[in-house]
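Welcome, and thank you for taking a look at this model. Let us walk through it together, one region at a time.

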Amino acid sequence: MAKQYYTIGQLAQLTDMSTKALRIYEEKGLITSIRNEENNYRLFDESVKLQLQRIQTLKYLGFSLGEIEKTLVHFNQVDLEESFLEQKRLMEKKVIELNRMIHCMEKAAIECKENQFDLDEVFKMLKHIIINREADEGVGFLRNHAMTKEPEGWSRWIFEQIKIESGMKILDAGAGYGNLWRYNIERLPEQCRIHCVDKHNTHADTFYKEFGTHKAFEFVWNDLEEMDFENHYDLIFFNHVMVFIEDKETLLRKLKAALKINGALVCTWGGILLYEEMAKLFMECKPDERKKVQKALKKRKQPLVEYESMLKKVFPKVEKRVRKVLLTYDTIEDFIESMKDISNLGFDFAKYEDELKAFIQEKYEAGNYCIERDGYLFICTE
């Protein structure tokens, strides 16, 4: 069968898009055309229709053109069925986000009616929604680029570091999406009781829907900073929750008091290695930017230094363990775009992007663009 081609006017009619929009997408490299040798008209083949369908979906979901461009790189690497499933997953994620926002607004409206309105509390809820979204994006980033399967790898590694025995009473403080249990459920010893504490309008709602009837789990909807802990636990997991907490030291002392003798608090958060590695690249590429990058890196490290110091202030014994993950990229463009998204290290990409690209191409073997990141686990005991 002969290959079907469309003029820009025909394509606009078929897809219900304007020719102006199609020209913009072509200028941005989101779609491509060939030229008819007889009349020099631009022609588009069938594959462009699928690409435009993806673009329409992503635009509907609120993606910017820059975000669409990066997302299409991934879509172009999967087959047609997987492409539609990916788009379905993006829509489901957007539904979850919208439901969180709806819940936030409903709660604010009820509080107005009951004369208990607290605008600061609304801002706090919105802040948590935004942090959850950023965490989602971080997980997606790892899933796309890590050599290991993530976030499963991280969750299974944590489980392997901590000896969980039959009959233990465990508190998951800020359970969220429940990845620690989701990816280790088959390894959970018999007769463990796991109390999962979190707020509504977070991932914990999804965790509850899937595991709420499981005999090992009990769910409590509450604010960690406001609630009292009456039970004494063998283990308390505090997995990537520190960033959500206002008065960190006070909560750590409450969690310590909730531990049995010989109990342990297991605290985790992301490390700094990725930023250190990127900073090295920036400074090697542009030595004149060294002071600016070093200053930004120090600022980036500071919260992690403070968190660790706080743990050591509250607990007599704090053992730190580190897990490293290698991130890989198919193209140099993916590598640099990733740096733009996550670096925040004072490097002027607009000014030096071409120089950075040339430097990286010389430094790395083609197609072998990679960089390491790490995560921290702290075992805190008396």
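We can begin with a pair of helices: the axes of helix 1 (residues 8–15) and helix 2 (residues 19–27) come within 9 Å and cross at roughly 110°. Helices here are DSSP runs of H or I with at least four residues, strands are runs of E with at least two, and both are numbered from the N terminus. Axes are lines fitted to C-alpha atoms, for helices over the stretch in contact, and angles run from 0 to 180 degrees between N-to-C directions. Helix 1 and helix 2 are therefore roughly perpendicular to each other; angles of 65 to 115 degrees count as such, those under 35 as roughly parallel, those over 145 as roughly antiparallel and the rest as oblique.

Before going further, a word on what you are viewing. This is a predicted model, in which local features need pLDDT of at least 70, side-chain atom pairs count only at pLDDT 80 or more, and totals for chains, interfaces and linings use all residues. Residues are numbered from 1 along each chain as its sequence is written, and side-chain values use heavy atoms, with hydrogens and water left out.

In the loop between helix 1 and helix 2 you will find Asp16. Most residues other than glycine have a negative phi. Asp16, however, has a positive phi of about 60° although it is not a glycine. Asp16 is exposed, with a relative accessible area of 71%; exposed means over 50%, buried under 20% and partly exposed in between, using a 1.4 Å probe and protein chains only. Gln191 also has a positive phi, of about 65°, without being a glycine. Gln191 lies in the loop between helix 8 and strand 5 (193–198) and is exposed, at a relative accessible area of 64%. Within helix 13 (residues 332–342) itself, Ile332, Asp334, Phe335, Ile336, Ser338 and Met339 are buried.

Now step back to the whole chain. Its secondary structure comes to 14 helices and 10 strands, and 43% of its 382 residues count as buried. Among contacts between residues at least 6 apart in sequence, 73% join residues at least 24 apart.

Leu90 gives us a place to look at such contacts up close. Leu90 lies in helix 5 (residues 80–113) and counts as partly exposed, at 21% relative accessibility. Not counting residues up to four places away in sequence, Leu90 touches Leu58, Leu61, Phe63 and Phe75. The C-alpha atoms of Leu90 and Leu58, 32 residues apart along the chain, are separated by 8.5 Å.

Next come the aromatic rings. The structure holds 23 aromatic pairs, counting rings of Phe, Tyr and Trp (its six-membered ring) whose centres lie within 6.5 Å; planes under 30 degrees apart count as stacked, over 60 as edge-to-face and the rest as tilted. The rings of Trp181 and Phe217 have their centres 6.3 Å apart and their planes at 70°, so the pair is edge-to-face. Trp181 lies in helix 8 (residues 179–182) and Phe217 in strand 6 (residues 217–221), so this pair ties together parts 36 residues apart in sequence. Trp181 is buried at 1% relative accessibility, and Phe217 is buried at 5%. Both belong to one aromatic cluster, formed by Phe159, Trp181, Phe207, Tyr208, Phe211, Phe217, Phe219, Trp221 and Phe237.

Finally, let us visit another helix pair. Helix 11 (residues 273–285) and helix 12 (residues 290–314) pack at an angle of about 175°, with their axes 10 Å apart. Helix 11 and helix 12 are therefore roughly antiparallel to each other. Their contact is made by Tyr275, Glu276, Ala279, Phe282 and Met283 of helix 11 and Arg290, Val293, Gln294, Leu297, Arg300 and Lys301 of helix 12. These residues divide into 6 nonpolar, 1 polar and 4 charged.

Notes:
Contact means heavy atoms within 4.5 Å. Ala, Val, Leu, Ile, Met, Phe, Trp, Tyr, Cys and Pro count as nonpolar, Asp, Glu, Lys and Arg as charged, and the others, Gly among them, as polar.
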